[in-house]
Amino acid sequence: MEELRAFTEVFGAIKQNYVEPVEDKKLINEAINGMLSGLDPHSAYLDAEAFRELQVGTQGQFGGLGIEVGMEDGFVKVVSPIEDTPAFRAGIKPGDLIIRLDDTPVKGMALTEAVKRMRGKPNTQITLTISRKGEPAPIVVTLTRAVIRVQSVKSKMIEPGFAWVRVSQFQEATTENLVRHIDTLYKQGQLKGLVLDLRNDPGGLLYGAVAISAAFLPSRVLVVSTDGRNEDAKRKYFATPEDYLRSAGRDDVLKGLPASAKSVPMVVLVNAGSASASEIVAGALQDHKRATVIGTQTFGKGSVQTIMPLGNATAIKLTTARYYTPSGRSIQAKGVTPDIIVEEPGGSAQIARVREQDLQRHLRDADEAEKKGVAPPVKPDVTPVPAAVPGEAKPPAKPLELGSKEDFQLNQAIAFLKGEPVKGQPAKAVADAKPATKPAK
């Protein structure tokens with residue numbers, strides 16, 4: 001009651017004494033937004049426009065720049081650029097700190113407001129000022145908004161018998177697209193090895209992650225489990241149509257997969273941009289020893305957000321559970337550790353990567369929370385943010401095209417599948433690891 005009384009007093013003080021009149025609706029909305037944003041980096045209040053865009057985004061089409069973002073210390077941080085979008089082509093990188101949108105400073109701006117400003121009508125422009133670790137001057141880039149049609153699955157035959165399949169996001173049509181791509185690859189000849197590329201995949205729909213895992217695992221094995229305060233949050237998801245089909249009565253698209261897709265030697269490629277649903281897939285295939293995970297430590301987002309409509313065209317996105325891999329591992333604030341570490345070209349790229357553990361108010365691992373009992377002190381972001389100085393800014397470098405001949409990590413994955421040495425790794429680590437072909441009993 002004391003807290004509610006304090007809230008009422010503050011509300012009344014603002015209404016009576018603020019320098020300008022403020023509508024009740026605005027104050028209530030800001031209060032709701034503050035309650036949610038103060039919990040963790042992924043809970044949020046979605047106004048009518050944000051809720052509508054979220055629903056459209058899961059269908060793979062929306063207007064904007066093409067970046068997955070989060071909030072850190074009052075600034076917008078890039079989690080991952082989406083491939084084949086204006087942001088990706090301009091060289092925006094995971095870990096970039098967006099400090100200005102056009103002429104407006106981002107400091108103190110709500111994440112929903114920042115996202116709203118970055119999205120907009122196609123063919124309109126916006127200028128981002130970016131602070132990047134290791135760069136002495138800010139980077140200023142002008143982007144032209146576009147209709148973002150995310151092609152969530154790509155594939156190609158790297159060489160005879162060895163294929164590459166990339167999942168860039170988990171959307172409603174991702175499973176169907178994966179089946180189509182794998183079927184096309186098998187029509188080119190029997191596969192000797194398959195690379196599932198989940199690098200820079202920010203995640204998406206939970207049931208999509210279960211479906212992609214089920215594509216390569218035996219029927220009815222455990223894919224992921226969730227645990228929260230309510231009974232609805234305590235669930236186990238298995239490689240069965242009941243758990244990966246969105247609704248009853250829909251056709252099981254995985255029936256169309258070639259049978260050998262469940263036994264072909266596999267590598268899963270991950271990096272610090274692999275988050276949430278992509279970590280579920282990597283963890284499931286790793287725990288069942290179905291695939292060898294190669295790359296670098298993943299993002300570490302091991303929590304589940306539930307969208308709860310409020311009945312007035314708005315909604316809240318609330319963290320309701322942690323998820324666990326089949327062996328019971330929580331990856332929250334930890335991530336999936338690859339079986340073989342293969343750094344990105346240059347080595348220093350990982351230093352600038354932002355991970356879940358770097359975000360303020362991040363949800364702790366369940367074991368850590370139980371042992372300590374209290375929240376650890378929040379470490380402030382001490383990254384220096386240089387002011388935008390005219391004439392000193394430079395355009396970002398073009399990103400590496402994943403799946404190209406210059407893709408070092410992919411080349412090492414193919415070498416591993418062929419039984420060749422993996423460059424840059426301790427001999428023991430490579431010798432002990434063998435291409436996984438069958439799940440553990």
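**Close-up views of a predicted model**

View 1. Val-268 counts as buried because its relative accessibility is 0% (buried: under 20% relative accessible area, 1.4 Å probe, protein chains only). This is a predicted model, in which local features need pLDDT of at least 70 and side-chain atom pairs count only at pLDDT 80 or more, while totals for chains, interfaces and linings use all residues. Residues are numbered from 1 along each chain as its sequence is written, and side-chain values use heavy atoms, with hydrogens and water left out. Strand S15 (residues 266-270) contains Val-268; strands (E, at least two residues) and helices (H or I, at least four) are DSSP runs numbered from the N terminus. Leaving aside residues up to four places away in sequence, Val-268 touches Leu-196, Leu-198, Ala-282, Leu-285, Ala-291, Thr-292, Val-293 and Ile-294 (contact: heavy atoms within 4.5 Å). Asp-197 lies 71 residues from Val-268 in sequence, yet their C-alpha atoms are 5.8 Å apart.

**View 2. Packing of helix H7 against helix H9.** The axes of H7 and H9 (residues 277-287) come within 9 Å and cross at roughly 30° (axes are lines fitted to C-alpha atoms, for helices over the stretch in contact, with angles from 0 to 180 degrees between N-to-C directions). H7 is therefore roughly parallel to H9, a term for angles under 35 degrees. From H7, the contact draws on Leu-206, Ala-209, Ile-212, Ser-213 and Phe-216; from H9, on Ala-277, Ile-280, Val-281, Ala-284 and Leu-285. By class, these are nine nonpolar, one polar and no charged residues (nonpolar: Ala, Val, Leu, Ile, Met, Phe, Trp, Tyr, Cys and Pro; charged: Asp, Glu, Lys and Arg; polar: the others, Gly among them).

**View 3. Packing of helix H6 against helix H7.** H6 (residues 174-187) and H7 (residues 206-216) have axes that come within 9 Å and cross at roughly 25°. This angle makes H6 roughly parallel to H7. Thr-174, Thr-175, Leu-178 and Ile-182 of H6 meet Gly-208, Ala-211, Ile-212, Ala-215 and Phe-216 of H7. The contact of H6 with H7 comprises six nonpolar, three polar and no charged residues.

**View 4. Helix H2 and its cover.** The 14 residues of H2 (residues 24-37) should span 20 Å at 1.5 Å a residue, and the end C-alpha atoms are 20 Å apart, which agrees; the expected span is 1.5 Å times one less than the number of residues. Leu-27, Asn-33 and Leu-36 are the buried residues of H2. Their cover includes helices H1 (2-17) and H5 (111-118), together with strands S1 (44-46) and S18 (315-324).

Definitions and conventions. Buried < 20%, exposed > 50% of the residue type's maximum accessible area, 1.4 Å probe, protein only. Parallel < 35°, antiparallel > 145°, perpendicular 65-115°, else oblique.
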